[in-house]
Amino acid sequence: MGQLRGSLRKTPQKEKCVLRFCAKPVVKEYDEKPSDGAAFLDWYTSCLVDSANRRKNITPNVGKTTTAEQIAASVLYMDDPEKKEQNITMSEISPKRLLIGAVPRLIDEWQLAPKLWDIIRFEVDYRDGLGLIILTGSAVPADTKEITHSGLGIGPNDLLNDLKTFGFLFETLCIRDLRVFADALNGEVYHYRDKEGQECDAVVHLRNGRYGLIEIKLGGDKLIEEGARSLKSMEAKLDTDRMRVPSFLMVLTGTGDYAYRRPDGVCVVPIGSLKN
């Protein structure tokens, strides 16, 4: 997002809101660029509504959301107490779903999901039209490492509204598919839990004694990392004097277009990549 600034409608507070614009400015037939927020969206694909006098990482309460609501055609409140956890999880699994809605679409408290910055940068580059996205927030992201660009589903909606239920159902479907594939190899699929309570979602065991450990995750970097860490921890506990080492460690996910092997040896495999 660029650093060009322009005043929005005035607010009652002493400080004023400013715009930070993003991507693809398009020349309109105006003698000069307009000064109100709605008209500025005729020039830019998206904008970040900020305070003119941000202090450290805290943005003063100057009516940014209220101002942006006057322009927006749809709104996502990331910090809605009833949906906050689901919104953040969805930003990891399938962030594009959070952008679905009439435009201009306002995403309030976007900093709760810093990866939205990059996906918005990508989307506005490939979507047609202007005035697509408005971002507001009360702070900058605590961890800017989640942003890679210096400049921003799966299943029925009723299931996506309850990610815990969806995650459980996804795991059940994955176990079913793994059993089908294992059966074709004269193998079995088990759930494992050690005496310390650490679990492995699935262990594929063949009659020749070879086996693999699998963690099932909906997707997203955070959940994949969590699954890989659990697999490596379990592998380290194995008594290899009494049993074989695993033939593979796998995080089975619901997202992604292809399988790959991480530097730590853990395979990340989208469910759609499993083949007979």
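**Notebook: contacts, strands and backbone geometry**

**Entry 1. D201.** I began with D201 and listed its contacts beyond four places in sequence: E171, I175, Y190, H191, I214, E215 and I216. The model is a predicted one, and I read every value below as computed from it. I located D201 in strand β7. I then asked which side chain of opposite charge is nearest to D201. It is that of K217, 5.4 Å away. A salt bridge requires a distance within 4 Å, so I recorded D201 as buried without a salt bridge.

**Entry 2. The sheet around β7.** I next traced the strands on either side. Six strands make up an open sheet with mixed pairing, and I noted their order as β6-β7-β8-β9-β11-β10. β6 (187-193) and β10 are the edge strands, each pairing on one side only.

I looked up the pairing of β6 with β7 and found it antiparallel, with six bridges. Within this pair, R193 is opposite E199 of β7. The two strands form a hairpin, and five residues separate them. In the turn I noted G197, whose phi is positive at about 95°.

I checked A202 and found its bridge partner in β8 to be I214.

**Entry 3. R262.** I moved to the loop between β10 (260-261) and β11 (267-270), where R262 lies. Is R262 buried or exposed? Its relative accessible area is 16%; the limit for buried is under 20%, so R262 counts as buried. I then examined its side chain, which makes a polar contact of 3.0 Å with the side chain of E225. Beyond four places in sequence, R262 touches I224, E225, A228 and V268.

**Entry 4. D108.** I placed D108 in strand β4 (residues 105-108). D108 is buried because its relative accessibility is 6%.

**Entry 5. Backbone geometry.** I inspected the loop between α3 and β4, which holds P104. The peptide bond from V103 to P104 is cis, and its omega is near 0°.

In the loop between β4 and α4, I looked up E109. Its phi is positive, near 60°, although E109 is not a glycine. With a relative accessible area of 13%, E109 is buried.

I noted a positive phi of about 60° at N186 as well, again in a residue that is not a glycine. N186 sits in the loop between α6 (163-184) and β6. At 47% relative accessibility, I recorded N186 as partly exposed.

Entry 6. I found S91 in helix α3 (residues 84-93). S91 counts as buried because its relative accessibility is 6%. A polar atom of its side chain lies 2.5 Å from the backbone oxygen of I88. Beyond four places in sequence, I found S91 in contact with L98 and A113.

I then looked up I119, which is 28 residues from S91 along the chain; their C-alpha atoms are separated by 9.6 Å. I119 is one of the buried residues of α4. How many of the residues of helix α4 (residues 116-126) are buried? I counted eight of 11, and so recorded the helix as mostly covered. The buried residues are L116, W117, D118, I119, I120, R121, E123 and V124.

**Entry 7. Whole chain.** Finally, I recorded the totals. The protein has seven helices and 11 strands. Among its 276 residues, 46% count as buried. I noted an accessible surface of about 15,600 Å², with 50% belonging to carbon and sulfur atoms.

Notes: Residues are numbered from 1 along each chain as its sequence is written. This is a predicted model: local features need pLDDT of at least 70, side-chain atom pairs count only at pLDDT 80 or more; totals for chains, interfaces and linings use all residues. Side-chain values use heavy atoms; hydrogens and water are left out. Helices (H or I, at least four residues) and strands (E, at least two) are DSSP runs, numbered from the N terminus. Buried means under 20% relative accessible area, exposed over 50%, partly exposed in between (1.4 Å probe, protein chains only). Accessible areas come from the Shrake-Rupley method with a 1.4 Å probe; for residues, only the protein chains shown count as cover. A polar contact is a pair of N or O atoms within 3.5 Å; within protein, one must be able to donate a hydrogen and the other to accept it, and residues adjacent in sequence count only if both atoms are side-chain atoms. Contact means heavy atoms within 4.5 Å. Two strands pair if DSSP finds at least two bridges between them. Lys and Arg count as positive and Asp and Glu as negative; His and the chain ends are not counted.
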